Structure formats: C-alpha cells, structure tokens
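Please look through the sequence and the 3D structure shown below before reading on. The explanation goes through it one part at a time.

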Amino acid sequence: MEYTANTARYEKMKYNRCGRSGLLLPAMSLGLWHNFGDCALYSNSKNMLLGAFDLGITHFDLANNYGPSAGSAEETFGKVISEELRPYRDELIISTKAGYYMWPGPYGEWGSKKNLVASLDQSLKRMKLDYVDIFYHHRPDPKTPLEETMDALAGIVRSGKALYAGISNYNPEDTGKAAVILKDMGVHCLIHQMNYSMFNRQTEKVLDVLDEQGIGSIAFSPLAQGLLTGKYANGIPSDSRAAGHSVFLTKDSITPEKIEKANRLGQLAAERGQSLTQMALAWVLRRDRVTSVILGASRLEQIKENIDALNRAEFTGEELARIDAILK
C-alpha cells in the first residue's frame with residue numbers, strides 16, 4: 001500500500017531556527033544510532049520512520065557507522081526513502097557523519113580529507129541520495145590539521161553533496177577555531193552536535209561559543225542512555241541496554257547516586273504532569289540555544305510519548321532551582 005503522509009503533520013511540532021541560518025529544525029529529531037540496522041526488524045524501523053514524519057519530525061540523523069552492523073542504518077533509511085519517502089525528499093533534513101572507525105586501513109576513520117570525502121560518497125550510495133542536508137565531522141582528530149578537516153567540509157558543501165557543514169563532539173576552543181576557519185573559506189558552520197542532558201552538563205560551555213558564532217546546537221543522548229527514563233529505578237532490567245554489551249552505558253555507570261537523583265527528578269516530573277522522560281527532554285530544550293534534541297527509540301509509541309513533552313515545555317524558576325539542587 002502506497003504511503004501518504006499525514007496532512008496534519010506540521011500542526012503540533014515546533015520548529016526552531018538553527019543558529020544564524022535560514023534553516024528550521026524540528027524541536028525533536030529522530031536518530032538512527034540504534035534499532036535501525038540489519039539486526040533490527042525492518043518493518044518496525046520503517047514504521048518508526050514513517051510515523052515520526054507523520055508527527056512532524058522532518059530531521060533524520062545518521063552516521064556512516066550506525067547500525068549495527070556499520071552502514072546498515074543508512075541502508076535501511078535508503079530503502080525507506082526509495083519505497084515511501086522519495087516524494088517528500090524536499091521536506092526532509094537528512095544528516096550523516098564521518099570520523100569514527102568505518103573500514104580498515106589508514107583512511108577509514110578520523111578527519112583527513114580522504115576519509116571524509118570517501119565516507120560521504122559511500123553514505124550517499126547506501127542511502128540512495130544525491131546529497132545530504134547536513135554533513136558532520138563526527139569527532140575531533142588530534143593528528144590531522146583542523147584546516148584540512150574544515151577544507152574537506154567546505155569542499156563537500158561547494159560540491160553540492162551536502163548543503164550544510166557541521167561538527168560533533170568538539171570542545172569549546174576547537175569549536176571556535178573550526179567556525180573561524182570555515183568562515184574564512186566562505187562556509188558557515190551550521191550546527192554542533194553534542195552529548196547534553198541533565199546528567200551531562202559539561203558541554204554547556206560550548207553553547208557560549210555557539211552563540212558568538214551563530215551556530216545551532218543539537219543534543220544527543222538527552223536521556224543519558226536511558227538513565228532519565230525511570231527504567232532503572234528498581235534495578236537493571238534484563239532487556240535494558242545496560243544489561244547488554246553497550247560500551248556507552250554499563251552496569252558500573254548506573255550508580256545508586258544517579259538512581260536516587262533520577263527518582264527525585266521523577267517525583268518532580270509527576271508533579272508537573274509529565275513522565276521523567278518528557279521532563280528531561282523539555283529541560284534540554286528549555287533554552288533557545290538548543291535547536292533540537294535527537295530522540296532514540298525502539299518503537300513508535302516511544303516517539304509519540306517523547307513528542308508530548310512539547311505540551312509542557314516551560315519551567316518555573318522554582319522548578320529549575322529544584323532541578324539544579326537535585327543535580328548538584
């Protein structure tokens with residue numbers, strides 16, 4: 001049955017301007033980091049992608065190594081684009097990245113021009129696209145001159161294979177340097193993607209640089225890998241990420257202190273008429289400096305619940321003070 005998008009898809013989603021650019025991003029974007037690779041059920045992945053678009057999510061965030069296995073999330077997305085979403089391509093913002101390990105040898109990771117250009121060519125083939133909207137350098141490379149990495153991004157934008165350039169996981173100093181280098185090359189750094197949540201506020205210093213340079217921001221892991229969902233309130237469920245083989249959330253990282261803080265935050269969320277998940281997302285979006293948050297999901301119902309956070313997105317000064325006190 002041919003897919004037809006929901007005609008009311010733009011009525012409830014909020015769209016924010018990305019830094020000093022003409023681009024608007026949905027307050028909530030969908031990330032394909034997990035649950036969209038060749039180890040996932042294709043019908044469920046497709047249902048989430050189409051369902052997200054029906055809810056007003058126009059931005060889909062990928063990377064060359066997303067899956068698992070590496071590259072397979074882009075292949076899944078390419079299949080959905082080809083079979084269902086192709087008529088809506090001009091309504092979509094599609095991003096991908098390169099920088100982490102992807103193939104063997106000296107050119108399969110980091111920040112050389114060779115790696116970035118080759119990786120994007122591979123990504124475009126997997127996704128069956130002529131261009132992506134945003135192409136990121138996924139992580140800083142301490143051994144490649146920043147000028148070379150930014151020259152690669154600028155060249156990719158000029159080639160038409162990407163409309164905008166972005167960076168991810170950069171510290172404040174390198175963020176500022178990268179922005180200036182790109183500007184001198186005639187290309188604006190559109191966006192910085194960073195790990196930001198109630199449990200990870202270290203990246204807030206980057207926001208000051210983004211303000212100065214007119215760069216937008218997008219937060220990944222806004223729920224701290226599930227710690228801010230209430231999932232671990234009574235221990236580690238057997239089907240949770242922490243119980244598996246994740247290197248990003250281990251059993252050792254789920255400390256009694258974090259569980260206690262999450263439980264107290266959950267009490268406040270209940271007083272606000274929200275789930276902890278919804279309050280945590282609203283908190284990240286509480287300031288205009290964060291353009292969008294990247295949602296991770298394993299089923300469409302989670303995406304719907306997350307979007308409902310926008311119905312109660314404001315905080316009183318008292319609520320913010322209570323949150324700061326809990327997080328100390």
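This is a predicted model: local features need pLDDT of at least 70, side-chain atom pairs count only at pLDDT 80 or more; totals for chains, interfaces and linings use all residues.

Residues are numbered from 1 along each chain as its sequence is written, and side-chain values use heavy atoms, with hydrogens and water left out.

Start with strand β5, residues 93-98. Helices (H or I, at least four residues) and strands (E, at least two) are DSSP runs, numbered from the N terminus. Six of the six residues of β5 are buried, so the strand is largely enclosed by the rest of the structure. Buried here means under 20% relative accessible area, exposed means over 50%, and partly exposed lies in between, with a 1.4 Å probe and protein chains only. In a regular strand the side chains alternate between the two faces of the sheet. In β5 both faces are covered: Ile93, Ser95 and Lys97 are buried on one side, and Ile94, Thr96 and Ala98 are buried on the other.

Which strands pair with β5? Strand β4 (residues 59-61) runs parallel to β5 and is joined to it by three bridges; two strands pair if DSSP finds at least two bridges between them. His59 has Ile93 of β5 as its bridge partner. Strand β6 (residues 132-137) also pairs with β5 in the parallel sense, over four bridges, and Ala98 has His137 of β6 as its bridge partner.

Helix α2 (residues 72-85) makes a right-handed β-α-β unit with β4 and β5. Right-handed means that, with the strands pointing away from the viewer, the path from the first strand over the helix to the second runs clockwise. Helix α3 (residues 113-127) makes a right-handed β-α-β unit with β5 and β6.

The loop between α2 and β5 contains Tyr88. Tyr88 is buried, at a relative accessible area of 13%. Leaving aside neighbours within four places in sequence, Tyr88 has contacts (heavy atoms within 4.5 Å) with Tyr3, Thr4, Ala5, Arg9 and Phe53. Its C-alpha atom is separated by 9.7 Å from that of Thr58, 30 residues apart along the chain.

The structure holds zero disulfides, a disulfide being a pair of cysteine sulfur atoms within 2.5 Å. Cys189 is buried, with a relative accessible area of 2%. The closest cysteine sulfur to that of Cys189 is in Cys18, 9.2 Å away, which is too far for a bond. Cys39, by contrast, is exposed, with a relative accessible area of 64%.
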